[in-house]
Amino acid sequence: HVIPDHRPSKHRLLVVANRLPVSAVRKGDASWQLEVSVGGLVSALLGITEFETRWIGWAGVNVPDEIGQKSLTEALAKKRCVPVFLEDNIVHLYYNGYCNNILWPLFHYLGIPQEDWLATICNFQSQFDAYKKANQKFADVVKENYQEGDVVWCHDYHLMFLPKCLKEKNPNMKVGWFLHTPFPSSEIHRIMPSRSELLTAVLAADLIGFHTYDYARHFVSACTRILGLEGTPVGVEDQGRLTRVAAFPIGIDSDRFVRAVQLPRVKNHIKEFEERFGSRKVMLGVDRLDMIKGIPQKLLAFEKFLEENPNWRDKVVLLQIAVPTRTDVPEYQKLTCQVHEIVGRINGRFGTLTSVPIHHLDRSLDFHALCALYAMTDVALVTSLRDGMNLVSYEFVACQASKKGVLILSEFAGAAQSLGAGALLVNPWNVTEVASSIAYALNMPSDEREKRHHHNYMHVTTHTSQEWAGTFVSELNDTVVEAQLRTKQ
Ligand code: G6P
């Protein structure tokens, strides 16, 4: 006989993000090829065992027909994912427009894109309307899938309206919102025509999280200065209702990287790369090809280093992996051309018949090749102009147990607050400073390298993504309990 299990079933965690961790390619009317990507957020959520996780996000493809929508929904359900279908014109205005041409550059202190600022301002209202419409669609799908007791965790700048839409539907829903980018100074946020609406919408959440204390402080200041609300040590208060605001710095699934470096497959890659680059020191950059990553600035600093240190010219190589992203947004297209031009110039200036100083790739690498590159690198260069956290710096450190290479890290990345003592911190706009940090890193004595690496390695392996997600979700639970208690009193 089977003994019936009377334990209450687990509560569910509904994770809502613009992208699903699965990409879908249509193979026929009703057939789909799905590829699961194990990103930071996915592995973080694997560590949450007290909840069953469901993922809700944009399907990433245009599926106008019912047959396609139905079959994709069924295929994704097997991966515990639920698609949100957005029409092409909404995607254009919401994703390319409001998210990535307005919020993204502003939140990273890059302002309104200069060349098409007129068009940006003229299109602002239609993009903002599409943004709200898209957020409403996400809310509808959450509502269809919501069961009493579920906890809803919304992610990132794409979904700032979602907490409001969800609470309007159901004030008792437990809603958290987490921003993966910086939240800028209130002076920047004020530029936005929709500044108040955005803040009010996010404040509908029960718990709001940021990667660093500074971002949380900026958010609270924006609420006090722009909305005239009261900032308290734990959040923002509006007519007796408290929204908790706190810093929850994300980490990585460090075990996955530490273990990968031991795999025969990765060791073979390392051997291959070592043979390929011989005695040359290897410097590495791994970035999405995005303005915030400071790739042109990094290249200019490397050029200056080669200019000033002729003895290093044929002894060092910079590998720059630049993963294409948001390729429909004009600013990103311009950046690609600019980067190619600079790489061409530097290779033309300093290359020889047998080697070039920069290997630039416009594509991503598979996980094992990437770990091998991290492991055999002497100096990693993370020179973001701004970055919410930057987990490439964490991944590099996790793979360096044997080499103990140097991390050059932008002071404007959130990671500078956790890896600052082990890394060489730089201002990416100061190419002279970055160039001399490169020289310093390449000449660093081994005892200093070991000490610096040890500091970072201890941090990266103890502050994991699983711990990050666990802390946020349990605080979100507690926050709601607290709110209910207050109501009862
Ligand atoms: C950043 C954002 C994420 C986003 C990722 C990739 O890390 O914070 O929300 O998913 O970039 O960008 P994409 O536009 O390709 O989703």
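**Entry 1**

I began with Val16, which stands opposite Cys154 in strand 6. The model I was reading is a predicted one. I then looked up Val15 and found Trp153 of strand 6 opposite Val15. Strand 1 covers residues 11-19 and strand 6 covers residues 151-155; the two pair in the parallel sense over 4 bridges.

I next asked which strand supplies the bridge partner of Leu14. The partner is Arg54, and Arg54 belongs to strand 4. Strand 4 spans residues 51-58, and I noted 7 bridges between strand 1 and strand 4, again with parallel pairing.

**Entry 1. Helix 5 against helix 6**

I noted the crossing of helix 5 and helix 6 as right-handed.

I listed the residues that make this contact. Helix 5 contributes Asn135, Gln136, Phe138, Ala139, Val142 and Lys143, while helix 6 contributes Leu162, Cys165, Leu166 and Lys169. Sorted by class, the contact holds 6 nonpolar, 2 polar and 2 charged residues.

**Entry 2. Helix 8 against helix 9**

I turned to another helix pair. Helix 8 (residues 195-203) and helix 9 (residues 213-227) have axes that come within 10 Å and cross at roughly 125°. Helix 8 and helix 9 are therefore oblique to each other. In which hand does helix 8 pass helix 9, left or right? I recorded a left-handed crossing.

On the side of helix 8 the contact is made by Arg195, Ser196, Leu199, Thr200 and Leu203. On the side of helix 9 I found Ala222, Cys223, Ile226 and Leu227. These residues divide into 6 nonpolar, 2 polar and 1 charged.

I went on to an open sheet of 6 strands, with the order 14-13-12-15-16-17 and parallel pairing. Why is one side of strand 14 and of strand 17 left without a neighbour in the sheet? Strand 14 (358-361) and strand 17 (424-426) stand at the edges and each has a single partner strand, so one side of each remains without a neighbour. The twist from one strand to the next averages 20°.

I checked the pairing of strand 14. Strand 13 (residues 316-323) and strand 14 pair in the parallel sense over 4 bridges. For Gln320 I found the bridge partner His360, in strand 14.

Helix 12 (residues 295-308) lies across strand 12 (281-288), strand 13 and strand 15 (379-382), at about 170° to strand 13. Helix 17 (residues 431-442) lies across strand 12, strand 13, strand 15, strand 16 (406-410) and strand 17, and runs at about 170° to strand 17.

Helix 12 also packs with helix 13 (residues 330-350), at an angle of about 10° and with the axes 10 Å apart. That angle makes helix 12 roughly parallel to helix 13. Among the contact residues I noted Leu299, Leu300 and Glu303 of helix 12, together with Ile342, Val343 and Phe350 of helix 13. By class the contact has 10 nonpolar, 1 polar and 1 charged residues.

**Entry 3. The ligand**

Which residues surround the ligand? I listed Asn18, Arg19, Asp156, His180, Thr181, Thr325 and Arg326. This shell has no nonpolar residues, 4 polar and 3 charged.

How values were computed: Residues numbered from 1 in each chain as written. Predicted model: local features only at pLDDT ≥ 70, side-chain atom pairs only at ≥ 80, totals over all residues. Left-handed = near helix turned anticlockwise from the far one by under 90°. Contact = placed C-beta atoms within 7 Å. Nonpolar A, V, L, I, M, F, W, Y, C, P; charged D, E, K, R; others polar. Near = placed C-beta within 6 Å. Pairing = 2+ DSSP bridges. Axes fitted to C-alpha atoms, helices over the stretch in contact; angles between N-to-C directions. Parallel < 35°, antiparallel > 145°, perpendicular 65-115°, else oblique.
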